[in-house]
Amino acid sequence: MVTWDQVQSAPPPQDERAVGVRPLREGHPSSRFDFVEIRGEQPPLTLCRAVTDGLAKPQKELATQFLYDHRGSELFELITELPEYYPTRTERGILEARASEIVEAVGYGAAMIEFGSGSSSKTRLLIEAALARCPTLEYHPIDISFEFLKLSSSALLDAYPGLSIRALGAEYFDAATELPAHDGPRLILFLGSNIGNLDTASAIDFLTRIRRHMKPSDRVLVGIDLVKDRNLLEAAYNDAQGITAQFNMNLLRRINRELDGQFDEDKFAHLAPYLDDSARIQMRLVSKCRQSVAVEGIDRVFDFEDGEFIHTEWSHKYTPATFATLCASANLQVDHLWTDPREWFGLAMLKA
Ligand code: AVI
């Protein structure tokens with residue numbers, strides 16, 4: 001058994017950036033667990049830079065990644081359980097019904113690589129289906145959160161004796177160019193409609209990076225939220241309990257806390273309209289009046305007109321055709337699309 005203490009004894013990633021791959025767990029007591037950190041060539045975007053640059057643009061914006069601090073991640077977990085937020089439970093339903101079929105569509109003895117693995121809770125369905133077919137499985141979760149990787153790896157290793165884990169601490173884009181090697185086929189997972197949060201150019205760039213390293217037997221499984229009635233879409237991002245509003249507003253709280261900002265939450269509102277022409281939800285923080293907000297930590301004052309908004313997130317919705325076009329731009333082909341009976345969500349299997 002791999003204990004929490006054993007996994008926890010992995011040293012945390014260091015703050016300094018260095019290019020390359022650094023094994024952190026030499027001599028670990030469990031030969032079934034390994035952790036590697038991939039450091040990108042670019043230094044990571046800091047909140048300081050994101051605020052300084054993003055709020056100086058004519059269309060003010062804050063980079064989506066800063067929604068996910070500890071509190072933001074907790075709030076997102078709550079979002080996934082909201083009655084209006086259908087994507088998580090719908091994707092889970094598809095996996096419950098189709099996991100064996102999905103695993104069978106990839107060759108015997110495939111390794112699994114997962115981008116943005118988080119708690120890996122939905123992935124368990126695929127892991128179980130794979131282990132029902134083949135007694136051992138190599139799983140490579142990739143997440144920027146070292147904490148999440150440790151926690152979820154410990155639980156998975158305890159639950160599945162046939163599993164071995166080589167966790168990667170990395171940003172998606174850095175990991176996409178360092179796909180873990182495996183002699184047999186690889187099933188690369190990008191679940192949860194996370195692709196929808198990338199703008200179109202970034203989504204193509206991400207898929208292209210993966211495509212460059214794919215063997216003919218490899219497959220990519222992508223979770224996509226499908227275009228549907230706008231009322232359903234807008235309800236999912238403007239929930240009655242106001243949890244999504246708190247998730248969005250947490251960004252202003254974070255700036256106040258980390259950069260000595262003076263944002264008054266009562267003077268901003270959360271709004272997430274569905275934009276028909278680009279088939280995406282836009283999360284906004286709307287200024288309720290004309291105001292100037294100081295952010296003392298970066299020595300800046302930002303002026304807002306009444307009704308002016310800060311863009312915080314895109315959430316793209318696809319049709320089978322628009323998603324196939326996106327994939328074709330990355331030289332990938334949709335081999336199969338599994339959906340729920342209402343066709344609200346899809347799991348697309350891509351091949352090179
Ligand atoms: C993480 N991602 C897929 C969510 C989505 O649906 O786009 C993020 C989210 N933002 C607001 N609610 C959920």
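1. I310 is in contact (heavy atoms within 4.5 Å) with L55, K60, E61, L62, L252, F268, M283, R284, L285 and F304, leaving out residues up to four places away in sequence. The model is predicted: local features need pLDDT of at least 70 and side-chain atom pairs count only at pLDDT 80 or more, while totals for chains, interfaces and linings use all residues. Residues are numbered from 1 along each chain as its sequence is written, and side-chain values use heavy atoms, with hydrogens and water left out.

2. I310 is also among the residues with the most contacts inside the largest nonpolar core, together with V51, I255, F263 and F268; this core has 37 residues. A nonpolar core here is a set of buried Ala, Val, Leu, Ile, Met, Phe, Trp, Tyr and Cys residues joined through side-chain atoms within 4.5 Å. Buried means under 20% relative accessible area, exposed over 50% and partly exposed in between (1.4 Å probe, protein chains only).

3. Two or more residues of this core come from each of α2 (47-54), α3 (70-79), α9 (230-237), α10 (243-259), β10 (280-287), β11 (291-295) and β12 (300-304). Helices (H or I, at least four residues) and strands (E, at least two) are DSSP runs numbered from the N terminus. The largest share, seven residues, is that of α10. The core lies between domain 1 (47-82 + 230-316) and domain 2 (84-228 + 318-351), because both give residues to it. Apart from this core lies another, of 34 residues, including M112, L131, Y139 and L191.

4. The domain bounds come from an automatic or database domain assignment. The C-alpha centres of domain 1 and domain 2 are 28 Å apart. Across the boundary, 19 residues of domain 1 are in contact with 15 residues of domain 2.

5. An N or O atom in the side chain of Y237 is 2.5 Å from a ligand oxygen atom; for the side chain of S315, the distance to a ligand oxygen atom is 2.6 Å. The protein buries 98% of the 340 Å² that the ligand exposes when taken alone (Shrake-Rupley method, 1.4 Å probe).

6. T90 is in helix α4 (residues 87-105). T90 is buried, at 8% relative accessible area, and touches D340, W344 and F345, not counting residues up to four places away in sequence.

How values were computed. Polar contact = N/O pair within 3.5 Å; in protein donor to acceptor, adjacent residues only side chain to side chain.
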